[in-house]
Amino acid sequence: MITTENIKNGVNVDQLVETVGAVQMNPELAKFKFRAKNNWIDGGHCVSSIKSFYGVGAEDQSRKETFTMECSHPEVLLGHNEAATPPEVVLHALGSCLTGAMVYHAAANGIEIEAAEASLEGDLDLQGFLGLDPQMRKGFNGITFKLKVKSDATPEQLEELAKFSPVYDMITNPTPVSIEIVK
């Protein structure tokens with residue numbers, strides 16, 4: 001017997017439906033813990049390594065390789081341009097997650113996405129980071145996300161699907177962060 005997978009937008013919809021059903025039966029399966037280890041190199045240059053995570057009720061063993069990501073700063077910010085800045089990495093994470101959420105939820109709803117291309121821009125005033133103006137935010141004052149999508153769905157439908165993004169939620173709602181300094 002020949003079977004064909006139900007693939008839409010690069011997503012195996014049958015597996016997605018099975019996953020949703022499994023989580024509905026056992027909500028503990030939905031709990032994940034992602035990890036990263038960050039090592040300072042010099043100045044603003046840091047390298048993070050990512051491999052293990054907890055999910056679906058166990059430590060994941062599927063990753064054979066460790067992923068690495070670097071952050072640095074351009075010369076105008078006293079860096080050496082070894083990599084993207086941390087705020088640019090945040091834009092990458094947000095764009096990837098908004099687009100991915102839209103694609104997955106579109107697939108689950110039978111919506112075809114033929115193409116998608118995003119551009120992101122974040123406005124930041126260094127006066128906050130430099131401690132020159134206590135009223136100025138240290139982070140982005142705002143982020144603009146523009147997504148060009150080729151699909152039969154309406155822009156409103158696609159926007160609602162994109163808003164399922166975990167990174168969108170992290171950025172638009174305060175996420176508690178605890179800092180512990182160990183000597």
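This is a predicted model: local features need pLDDT of at least 70, side-chain atom pairs count only at pLDDT 80 or more; totals for chains, interfaces and linings use all residues.

Colleague: Why is H2 called roughly perpendicular to H4?

Modeller: The axes of H2 (residues 86–108) and H4 (residues 155–162) cross at roughly 110°. Angles of 65 to 115 degrees count as roughly perpendicular, so H2 is roughly perpendicular to H4. The two axes come within 7 Å, and the crossing is right-handed.

Colleague: Why quote both an angle and a distance for a pair of helices?

Modeller: Because two packed helices are described by the angle between their axes and the distance between the axes.

Colleague: Zooming out, how many helices and strands does the chain have?

Modeller: The protein chain has 5 helices and 10 strands. Its C-alpha atoms fill a box of roughly 65 × 40 × 30 Å along the principal axes. Of its 183 residues, 20% count as buried. The accessible surface is about 13,800 Å², and 55% of that belongs to carbon and sulfur atoms.

Colleague: And how much of the contact pattern links residues 24 or more positions apart?

Modeller: Those pairs account for 48% of the contacts with a separation of 6 or more.

Colleague: Let's do single residues. Why is Val 56 called exposed?

Modeller: Val 56 has a relative accessibility of 52%. Exposed means over 50%, so Val 56 counts as exposed. You'll find Val 56 in the loop between strand E6 (53–55) and strand E7 (58–59).

Colleague: Where is Leu 78, and is it buried or exposed?

Modeller: Leu 78 is in the loop between strand E8 (67–71) and H2. Its relative accessible area is 77%; the cut-off for exposed is over 50%, so Leu 78 is exposed.

Colleague: Why is Lys 31 called partly exposed?

Modeller: Lys 31 comes in at 47% relative accessibility. Buried is under 20% and exposed is over 50%, with partly exposed in between, so Lys 31 counts as partly exposed. Lys 31 is in the loop between helix H1 (13–25) and strand E3 (33–34).

Colleague: Which residues does Lys 31 touch, leaving out those up to four places away in sequence?

Modeller: Tyr 54, Gly 55 and Val 56. Lys 31 and Tyr 54 are 23 residues apart along the chain, yet their C-alpha atoms are separated by 8.0 Å.

Colleague: What about Ser 52: why partly exposed?

Modeller: Ser 52 has a relative accessible area of 34%, which means it falls between the 20% and 50% cut-offs. Ser 52 lies in the loop between strand E5 (45–50) and E6, and touches Arg 35 and Glu 59, not counting residues up to four places away in sequence. The C-alpha atoms of Ser 52 and Arg 63, 11 residues apart along the chain, are separated by 7.4 Å.

Colleague: And why does Gly 139 get that label too?

Modeller: At 25%, the relative accessible area of Gly 139 is in the in-between range, so Gly 139 is partly exposed. Gly 139 sits in the loop between helix H3 (126–129) and strand E10 (142–151). Gly 139 touches Asp 123 and Leu 124, leaving out residues up to four places away in sequence.

Colleague: Last one: where does Met 69 lie, and what does it touch?

Modeller: Met 69 lies in strand E8. Setting aside residues up to four places away in sequence, Met 69 touches Cys 46, Val 47, Ser 48 and Ile 50. With 40% relative accessibility, Met 69 counts as partly exposed.

Terms used. Residues are numbered from 1 along each chain as its sequence is written. Side-chain values use heavy atoms; hydrogens and water are left out. Axes are lines fitted to C-alpha atoms, for helices over the stretch in contact, and angles run from 0 to 180 degrees between N-to-C directions. Helices (H or I, at least four residues) and strands (E, at least two) are DSSP runs, numbered from the N terminus. Angles under 35 degrees count as roughly parallel, over 145 as roughly antiparallel, 65 to 115 as roughly perpendicular and the rest as oblique. A crossing is left-handed if the near helix is turned anticlockwise from the far one by less than a right angle, and right-handed if clockwise. Buried means under 20% relative accessible area, exposed over 50%, partly exposed in between (1.4 Å probe, protein chains only). Contact means heavy atoms within 4.5 Å. Accessible areas come from the Shrake-Rupley method with a 1.4 Å probe; for residues, only the protein chains shown count as cover.
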